[in-house]
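I opened my notebook to look up a few things in this structure, one entry at a time. Have it on your screen and follow along.

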Amino acid sequence: MTIQNRYEFVYFFDVTNGNPNGDPDAGNMPRLDPESSKGLVTDVSLKRKIRNFIQLSEENAPGYDIYVQEKSVLNLQNKKAYDALDIKPEAKKLPKDQQKAKEVTDWMCANFFDVRAFGAVMTTEVNSGQVRGPLQLAFAKSIDPIIPLEVSITRMAVTNEKDLEKERTMGRKHIVPYGLYRVHGFVSAKLAEKTGFSDADLEKVWKSLEMMFEHDHSAARGEMSARKLIVFKHDNALGSAPAHKLFERVTVERVNGEDGTPASEFKDYAIHLNTEGLAQMGVEVIEVF
Amino acid sequence: MAYGIKLHVWGEYACFTRPEMKVERVSYDVITPSAARGILEAIHWKPAIRWVVDRIHVLKPVRFESIRRNELGNCKISSSKVSGAMKRKTTQDLFFLIDEGDNRQQRATTLLRDVGYVIEAHFELTDKAGAEDSVGKHLDIFNRRARKGQYFHQPCLGNREFPAYFELIEMDNDFPSSDLADESKDLGWMLHDIDFANDAEPKFFRAELKQGVIEVPPFNAREVLQ
């Protein structure tokens, strides 16, 4: 059973002494919005973490394969669909028979969680069609400006023999001392209908948003944690209120320190939610955590 | 326009990719009629109707910003190579590093910041329209949905990671104020839309900003070129 309701969500996560998302254009410095000096985390960065978490938590569970793996080639995955259905792949084209084309796409949706959730362009050489997923994320942005720090580190070893007399090498780390980030997300029930994205899948998305940073620790990330997830559930598939009006109901107040200056911990913020009149409008608020 | 609608759309980021610069994406200065149509279709569309964008009001100054991301590049490998090595049950265990070779590409996107538009449009019935389809019915559905903020899927400003927020401008509503009301500028050749009836042929038109408004010629007008 695919999901029957439209959802929007506001998701907060924070970072302490880490780099949540490096900018390849700026030598892996934390991403910054040049206008406001607020930190950015791209949609694709977060989607990678959702995929990684599902791959961990649903290991080998049927229907929860991950299509865009860190260690795979897409054509091999596409080929699975053809093999399973005994169709001969035809270069760069969908099978002429529309029925079979649909079977291939449906098979991909049924077996791969990320195809079902985010969609995928499968117009590669071994073609499985193109699907648009119901789950959509925007860029994450920090509440206040962040001040990235550059930390120099040393290693008591060298890589090359010829550098032996140098004894050690220097490296750099970029960290954000503290940043609270806010993300907006959307789940379309109508697109879910087409990919078969179910309520159980949605539960797993909420779970991954809650837990994904716990399994993404690394030297670069520092301490990242999910802080809050507020879900707006509409009472029908098309929705009952404009998304921007719902997002406006979630406000963040700076309780310690001045607005517009970098914060130092989560306690510096208070997250408020105005639920007034939402139930009458047909919007249910779920505070997942 | 008797059956026209006016929709105010806005968002923090947008990228209406120029077809000639799509590897490292560079956005047009303003929304294309094609992207505007996509937004309308995200709210309401049926095979019985076809949206026609008449006018685009540009409300905010054009500002660019650049962002570079790791993207999946050419993930093709020759299928003949694969088929030899692959037997049905072993595919599960076949893995390649995604950042091996050309699979991972870092691409910059030159996107627009803080955009706002008013899309003026109407729709026409297509030959798929049945007896039960009338202009009034679809107009009512669209207006009702737009008024309530309903959509089929969240409309976006060019790319799906840049959501578009929208508000219907009713007959007696105030028109959103424009920062570009006195601005006129030739925006050059811009994509009008893709002609899906003719093998996805792109069509272009000369976009001119006059007092903050771009008049969009009809798709089959003489000034729209392939």
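**Entry: the second largest cavity**

I sorted the lining of the second largest cavity by class and got three nonpolar, two polar and two charged residues. The names I wrote down for that lining are A:Lys49, A:Asn52, A:Phe53, A:Leu56, A:Met212, A:His215 and A:Asp216. Its volume comes to about 40 Å³. A note to keep beside every entry here: the model is a predicted one.

**Entry: the largest cavity**

How many cavities of 30 Å³ or more does a search of the whole structure find? I got two. The largest cavity holds about 50 Å³ of space. I found its lining in chain B, with B:Asp29, B:Val30, B:Val58, B:Lys60, B:Pro61 and B:Val62 among the residues. The list also includes B:Arg63, B:Leu112, B:Arg113, B:Val115, B:Gly116 and B:Tyr117.

Which element gives the largest share of that lining? It is strand 4 of chain B, residues 104-125, with five residues. By class I noted seven nonpolar, one polar and four charged residues around the largest cavity.

**Entry: a pocket with both chains in its lining**

Next I turned to the second largest pocket, which has a volume of about 620 Å³. I counted 23 lining residues, and those nearest the pocket centre are A:Lys141, A:Arg182, A:His184, B:Glu12 and B:Tyr165.

Strand 1 of chain B gives the most, with four residues. The class tally for this pocket is 11 nonpolar, five polar and seven charged residues.

**Entry: aromatic pairs in chain A**

I find 16 aromatic pairs over all chains. One of them joins A:Phe9 and A:Trp206 edge-to-face, with 5.2 Å between the ring centres and 80° between the planes. This pair links distant parts of the chain, 197 residues apart: A:Phe9 belongs to strand 1 (residues 7-18) of chain A and A:Trp206 to helix 6 (residues 199-211) of chain A.

A:Tyr11 counts as buried because its relative accessibility is 1%. I put A:Tyr11 and A:Phe289 in one aromatic cluster with A:Phe13, A:Tyr181 and A:Phe213.

**Entry: charges over rings**

I came across a charge over a ring in chain A, where the charged end of A:Arg116 sits over A:Tyr64 at 5.2 Å from the ring centre. In chain B, the charged end of B:Lys203 sits over the ring of B:Phe219, 4.8 Å from its centre.

**Entry: strand 11 of chain A**

Why do I call this strand largely enclosed by the rest of the structure? Because nine of the 12 residues of strand 11 (residues 223-234) of chain A are buried. I followed its neighbours next. Strand 1 of chain A runs antiparallel to strand 11 and is joined to it by 10 bridges. Across from A:Asp14 I find A:Ser225, in strand 11. Strand 14 of chain A is joined to strand 11 by five bridges, again running antiparallel. A:His234 stands opposite A:Val283, which is in strand 14.

**Entry: strand 2 of chain B**

My last stop is strand 2 (residues 49-58) of chain B, mostly covered, with eight of its 10 residues buried. Nine bridges join strand 2 to strand 4 of chain B, and the two run antiparallel. B:Arg50 stands opposite B:Glu124 in strand 4. Strand 8 (residues 213-215) of chain B is also antiparallel to strand 2, with three bridges between them. There I looked up the bridge partner of B:Arg55 and found B:Glu215.

Conventions. Residues are numbered from 1 along each chain as its sequence is written. Chains are lettered from A and ligands numbered from 1 in the order in which they are written. This is a predicted model: local features need pLDDT of at least 70, side-chain atom pairs count only at pLDDT 80 or more; totals for chains, interfaces and linings use all residues. Side-chain values use heavy atoms; hydrogens and water are left out. Rings of Phe, Tyr and Trp (its six-membered ring) pair if their centres lie within 6.5 Å; planes under 30 degrees apart count as stacked, over 60 as edge-to-face and the rest as tilted. Buried means under 20% relative accessible area, exposed over 50%, partly exposed in between (1.4 Å probe, protein chains only). A charge sits over a ring if NZ of Lys or CZ of Arg is within 6 Å of the ring centre and within 35 degrees of the ring normal. On a 1 Å grid over the protein atoms alone, a cavity is a set of points where a 1.4 Å probe fits but cannot get out, and a pocket is an open set with protein on both sides within 12 Å along at least five of seven lines; lining residues have an atom within 4 Å of a point. Grid points are joined across faces, edges and corners, and a volume is the space filled by probe spheres set on the points. Ala, Val, Leu, Ile, Met, Phe, Trp, Tyr, Cys and Pro count as nonpolar, Asp, Glu, Lys and Arg as charged, and the others, Gly among them, as polar. Two strands pair if DSSP finds at least two bridges between them.
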